[in-house]
Amino acid sequence: MSRVYNFSAGPAVLPEEVLREAADEMMDYRGTGMSVMEMSHRSKPFEQIITEAEQDLRDLMGIPDNYKVLFLQGGASQQFAMIPMNLMKNRVADYIVTGQWAKKAAKEAEKYGKVNRIASSEDKTFSYIPDCSDLPVSEDADYVYICENNTIYGTKFKKLPDTKGKTLVADVSSCFLSEPVDVEKYGVIYGGVQKNIGPAGVVIVIIREDLITEDVLPGTPTMLTYKTHADAKSLYNTPPAYGIYICGKVFKWLKAQGGLAVMKERNEKKAKLLYDFLDQSSLFKGTVVPEDRSLMNVPFVTGDADLDAKFVKEAAEAGLVNLKGHRSVGGMRASIYNAMPYEGVEALVAFMKKFEEENR
């Protein structure tokens, strides 16, 4: 069986070089006589793995020294609670709701304090990003929260909201490392790695040091306190060691490709190929307003559920897999993360053209 083009939204495609390297080291990691899966997280080889992974991520993103990098568990969804538990000092936070995940995060935060939904695009099925240039930011808000790229709906903040001096917290799960980023504009950037960086089971949190304190909400578990993990350098308990090892390999792969500016160029080129086809197609339609389109997740529909199902089935038979859209949008969705080669998008567009001709 040859490799397919995997358009899954996550867990998602990983670079082949990384998979091959991991396969070569599976039985014996660099002369240790064991796999990283079997290795103590307190051992010298693993200490080197996690230290290098952090340094490579810092290099890629230009992370300033006053930010901590934490490799945690519980996925992005656990951060929905961890953020208010650690940051909601006044018990007030502002949320911009542009999709399912921001909606869930806002609902979770309500368990800990007052949540103001200061902008939303739910009125049009999250198909656009609301204007965030002059928001009614609450004077006593502890932070303003966004989900920067919306995996399900295929939208992306091209310009960060004006938080009027309040700390910006961003879930970047599905656009992590897809383009250069100015870390200093955020108080917290976090994301699950299973879309653009590694296997499911790791969430990376990049957090400004002044936000890491012992002053957390009463009843916050030790494991859900940022300080616990920052003080222990992500080794307070057994971390998802193998997942971190793969993330580290992906960071090295990204550096070898030329870094995030190069990835952005490539991602724009891939996305343009697909969006240009959608814009002139008589059968397929994109679901997002052009100015807010994501480079990572591209939802599209034919307008006929039976035809959508036929497309997904025939595409899979042609080696183009996991194109079924999320149930809340329907249709199809192509996730074209960093590791998706340009040839994969070319193959998809060629198949779409053929399908369109056969199903006029």
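# Notebook: salt bridges, sheet, helices, cysteines

**Entry 1: E47 and its partner**

I started at E47, which counts as partly exposed at 38% relative accessibility. I'm working on a predicted model here, and I keep that in mind for every entry. Which residue does E47 form a salt bridge with? I found K44, with the closest N and O atoms 3.7 Å apart. K44 counts as exposed, at 65% relative accessibility. Both residues sit in helix α2, which covers residues 44–61. They are 3 residues apart, about one turn of the helix.

I then looked up how many salt bridges the structure holds. The count came back as 26. I picked out R3 and E16, whose side chains meet in one of these with an N to O distance of 3.5 Å. This pair links distant parts of the chain, 13 residues apart: R3 is in the segment before β1 (5–6), and E16 is in helix α1 (residues 16–24). I checked the accessibility of both ends. R3 is exposed, with a relative accessible area of 53%, whereas E16 is partly exposed at 32%.

Next I went to E21 and K249, where the side chains meet in a salt bridge at 2.8 Å, N to O. E21 belongs to helix α1 and K249 to helix α6 (residues 241–257), so this pair ties together parts that are 228 residues apart in sequence. Are the two ends buried or exposed? E21 is partly exposed, with a relative accessible area of 39%. K249, by contrast, is buried at 8%.

I also noted a network of salt bridges that links E52, D56, D59, K252 and K255.

**Entry 2: α6 against α7**

Which residues make the contact? On the α6 side I listed W253, L254 and Q257, and on the α7 side V262, M263 and R266.

**Entry 3: the sheet**

I traced the strand order next. There are 7 strands in an open sheet, running β2-β10-β9-β8-β5-β3-β4, and the pairing is mixed. Which are the edge strands? They are β2 (67–72) and β4 (114–120), each of which pairs on one side only. On average, neighbouring strands of this sheet are turned by 20° against each other, with direction ignored. Helix α4 (residues 100–109) packs on the sheet, where I found it touching β3 (92–97), β4, β5 (144–147) and β8. The direction of α4 makes about 160° with that of β3.

I looked at two of the pairings. Strand β8 (residues 168–171) and strand β9 (residues 188–192) run in the parallel sense and pair over 3 bridges. In this stretch V169 stands opposite V188 of β9. β3 and β4 also pair in the parallel sense, over 6 bridges. I96 has A119 in β4 as its bridge partner.

**Entry 4: inside β3**

How many of the residues of β3 are buried? I got 6 of the 6, so β3 is largely enclosed by the rest of the structure. The residues split by direction: V92, D94 and I96 point one way, and A93, Y95 and V97 point the other way. Both groups are buried, and I noted D94 and Y95 among them.

**Entry 5: cysteines**

Last, I searched the whole structure for disulfides and came away with 0. C132 itself is buried, with a relative accessible area of 8%. C247 is in no disulfide either: the nearest cysteine sulfur, that of C175, lies 16 Å away. C247 is buried too, at a relative accessible area of 0%.

How values were computed:
Residues are numbered from 1 along each chain as its sequence is written. This is a predicted model: local features need pLDDT of at least 70, side-chain atom pairs count only at pLDDT 80 or more; totals for chains, interfaces and linings use all residues. Side-chain values use heavy atoms; hydrogens and water are left out. A disulfide is a pair of cysteine sulfur atoms within 2.5 Å. Buried means under 20% relative accessible area, exposed over 50%, partly exposed in between (1.4 Å probe, protein chains only). Two strands pair if DSSP finds at least two bridges between them. Helices (H or I, at least four residues) and strands (E, at least two) are DSSP runs, numbered from the N terminus. Axes are lines fitted to C-alpha atoms, for helices over the stretch in contact, and angles run from 0 to 180 degrees between N-to-C directions. Contact means heavy atoms within 4.5 Å. A salt bridge is a side-chain nitrogen of Lys or Arg within 4 Å of a carboxyl oxygen of Asp or Glu.
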